[in-house]
Amino acid sequence: MKVDLYERIWLWMATVMIVAFLAAVLIAAGTHAVHPPSHMETIDPATVLSDSEFARELGVIVHDDGSATVRMVAKTYVFEPRVVRVPAGEPVTFRMTSPDVIHGFQVVGTNANAMVVPGYVTQFTTSFAPGEYLVLCNEYCGLSHHLMQSTLIVDDRAADNRAAEDRAAEDRAADDATADDTTAEVTR
Amino acid sequence: MSHATASASAPLDEAPVGSPAAAGDAARRRFETHRLEIYHFGIAIGAFALGALTAVMQSLSRADIDLPMRSEKLYYLSVTAHGVLMGLVFTTFFIMGLGYLLARQTLGRVAWETSAWVSWWIAVLGTLMTTLAILSGTSTVLYTFYPPLQAHWAFYVGATLLVVGSWGWCAVMLRSLVVWRRENPGAPVPLPVHGMVVTVIVWILATAGLAVEVLTMLVPWSLGLIDKVDPIVARTWFWWFGHPLTYFWLVPAYVIWYTIVPRHIGGRLFSDPLARVVFVMFILFSTPVGFHHQFADPGIDSGWKMVHTVTTYMILFPSLVTAFTVLASFEVAARLRGKKGLFDWILALPWKDPFFASVALAMLSFAVGGFGGAINAAYAMNAMVHNTAWIHGHFHLTVGTAVALTFMGVCYWLLPRLVGKQLVLPRVALVQPYLWFLGMLLFAVVNHWTGILGMPRRVYSGKFEVTELGAEVARAWESWTLISAHGGIVLFVSSLAFLAVVLGTLLFGEPLAEPPRCTFARPLDPPPTETTIWDRFGLWTVIAVVLIIAAYAVPLYHLYTMERFPSPGFQPF
């Protein structure tokens with residue numbers, strides 16, 4: 001097939017451009033583990049609100065290493081819990097699902113953006129700079145879709161909370177120990 | 001009595017050429033010849049009119065401008081109507097009409113014309129059912145109709161009939177090709193029909209996925225025959241269909257760019273063989289790309305999303321080739337008029353011709369929209385734009401301008417040829433594409449920016465006043481949303497201008513004694529004389545099916561075999 005010289009040059013330029021685009025995407029994915037949320041886990045939407053980890057452990061759990069797990073339910077037309085506080089700069093793993101229709105979970109100004117689908121658990125990990133972020137639903141879910149929003153607070157108090165909780169837990173443990181001792185004494 | 005004597009003795013019946021009566025006859029004959037195409041274009045333009053009417057209030061509502069009768073119910077209903085009427089009805093009917101016209105003009109016939117009419121009736125019936133279901137307020141599920149949002153059964157059955165009608169069109173187009181090939185063994189397929197046959201193949205591959213979703217899931221579910229459907233499985237079949245759908249829109253626009261415009265402006269097609277390569281690449285890469293619409297979905301492994309990212313980037317290639325070939329064809333037209341400078345040929349193009357202006361502006365929009373598409377497809381970067389205003393900004397540049405403006409522009413070329421009448425309101429016709437382009441600069445380009453700022457798509461109001469924080473964040477995009485509302489008004493005015501020219505010409509156009517003929521661009525080099533591998537549609541379709549299986553078999557197997565909990569229907573509207 002005869003291809004004009006200029007056209008041949010253009011075809012090569014187009015090829016180089018596409019290869020460069022793909023390289024940028026693939027290298028970022030490979031070296032920085034930048035992937036879209038693609039968790040493979042299912043859940044019965046009928047049990048989400050009554051009998052599931054989302055019923056029992058809704059909200060934030062800060063772990064010992066400073067990272068956090070956030071369990072949220074997106075339902076028409078609210079996110080539960082409505083305010084979530086997570087530590088800054090630490091990996092935050094979101095686990096989310098819906099008991100009704102499909103919702104979107106978008107933290108404005110960040111790359112946290114995922115579909116929340118009934119029957120499936122959406123899970124992804126990211127981290128945030130300190131600040132207050134608007135969380136909104138970006139998938140049409142009914143006539144009040146545009147009212148579905150909540151707040152994500154990212155600050156060091158989440159970590160302080162952990163410290164405070166830890167202190168409280170330590171105190172409780174100490175009290176328990178004292179109590180045990182006391183009991184032991186009485187028994188003895 | 002001979003014919004000549006008869007006309008001499010009965011001048012009232014057979015008026016001499018050039019008289020108004022003779023012109024009226026010529027116009028009527030044109031209309032009769034092209035009745036099939038005209039009826040398709042008619043439904044398309046009717047859907048466009050209704051779609052435009054529902055659109056303008058949406059852009060105003062997003063800017064929170066209070067209109068009489070404004071309500072959430074009406075807003076989301078109108079988003080559904082606009083998407084279905086513009087994206088599925090206007091485009092499909094227009095493309096079917098264009099296909100029939102190109103077959104008639106370059107293959108010499110539309111085979112099985114009766115079947116074509118039956119298909120038209122089926123598609124019209126389906127369109128009416130779906131439209132009424134939407135207007136009744138029982139099917140506000142948007143044009144993506146993701147379950148577990150559940151529409152009235154008439155919505156899905158109507159959509160099915162529209163697609164079944166379009167399959168009839170596919171059969172008629174392929175039959176016309178087969179008959180022509182039998183009469184012209186070894187001859188290369190005329191380029192306009194080559195592109196339309198590719199459109200047919202892309203459509204068949206695309207609608208196979210839609211058929212699985214609608215026939216095995218949504219129709220029985222809406223009729224109560226099955227209780228539950230799985231939303232991710234449904235979305236996967238939907239996007240199997242949803243991306244090649246965009247090439248079903250685009251390839252016919254390319255056919256117009258490659259084969260009609262260069263001739264119209266007095267130029268030549270720069271390269272015939274490369275045009276065929278471009279069309280064939282759309283058969284190969286249109287379909288195995290759907291996961292780039294599902295990057296944010298659970299239940300699909302990221303590795304398969306990566307595979308679809310790679311195939312998506314492949315499909316940039318034919319469009320980049322098109323940018324060169326079509327622009328070079330324009331340059332040839334200007335050089336043939338004696339322009340020798342590096343850039344003066346651009347000014348020498350017929351910018352005052354409404355058809356050319358439409359196509360040139362459509363191409364310019366597509367250059368921007370195409371690169372935006374490369375960002376959408378960028379795997380992880382997609383998270384920055386997914387379901388934000390960026391997305392509808394993107395597809396109003398691509399399907400909303402590259403395709404729609406091309407289709408509107410070609411109407412100015414088609415009307416005299418199909419109904420044999422002079423275009424009325426030529427100045428309105430000339431201003432119309434420029435208004436559309438301006439409207440899209442204000443609406444579509446600006447919505448890319450509001451999307452980056454975080455504004456979601458498909459919201460009744462952009463104010464977000466539920467929380468103080470929401471109101472504060474929304475202030476960042478408030479003024480931009482107002483600009484996009486102005487864009488919506490400009491687009492509406494442009495739509496009215498288009499409709500005025502079309503209806504005015506139909507009703508009041510001066511009949512032409514010798515209506516212009518449909519002529520197509522000849523290539524710069526002598527046209528090919530033999531069939532090449534690029535005309536072997538069967539071969540390319542088989543390879544495309546293999547690619548689709550490679551891209552979809554494993555993730556679909558995963559979805560169908562894992563323990564899943566499907567959903568009952570919800571109607572929160």
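The model is predicted: local features need pLDDT of at least 70, side-chain atom pairs count only at pLDDT 80 or more, and totals for chains, interfaces and linings use all residues. Residues are numbered from 1 along each chain as its sequence is written, while chains are lettered from A and ligands numbered from 1 in the order in which they are written.

**Exercise 1.** Determine how the axes of α3(B) and α16(B) are oriented to each other.

Solution. Step 1: helices are DSSP runs of H or I with at least four residues, strands are E runs of at least two, and both are numbered from the N terminus. Helix α3 of chain B spans residues 35–62 and helix α16 of chain B spans residues 468–508; their axes come within 8 Å and cross at roughly 160°. The axes are lines fitted to C-alpha atoms over the stretch in contact, with angles from 0 to 180 degrees between N-to-C directions.

Step 1: angles over 145 degrees count as roughly antiparallel, under 35 as roughly parallel, 65 to 115 as roughly perpendicular and the rest as oblique. α3(B) and α16(B) are therefore roughly antiparallel.

Step 2: among the residues that meet are B:Ile45 and B:Ala49 in α3(B), and B:Phe492 and B:Leu499 in α16(B); contact requires C-beta atoms, placed from the backbone, within 7 Å. By class, this contact has eleven nonpolar residues, six polar and one charged. Ala, Val, Leu, Ile, Met, Phe, Trp, Tyr, Cys and Pro count as nonpolar, Asp, Glu, Lys and Arg as charged, and the others, Gly among them, as polar.

**Exercise 2.** Describe the side of chain B that touches chain A.

Solution. Step 1: chain B contributes 62 residues to the contact and chain A contributes 57 residues.

Step 1: elements giving two or more residues on the side of chain B include α4 (72–106) and α8 (231–264). The most, six residues, come from α10(B).

Step 2: this side of chain B comprises 40 nonpolar, 13 polar and nine charged residues.

**Exercise 3.** Is B:Arg427 buried or exposed?

Solution. Step 1: B:Arg427 lies in helix α15 (residues 426–452) of chain B.

Step 1: a residue is buried if 20 or more other C-beta atoms, placed from the backbone, lie within 10 Å of its own, exposed if 12 or fewer, and partly exposed in between. B:Arg427 has 11 C-beta neighbours inside 10 Å and therefore counts as exposed.

Step 2: in chain A, 37% of the 188 residues count as buried.

Terms used:
Two residues are in contact if their C-beta atoms, placed from the backbone, lie within 7 Å.
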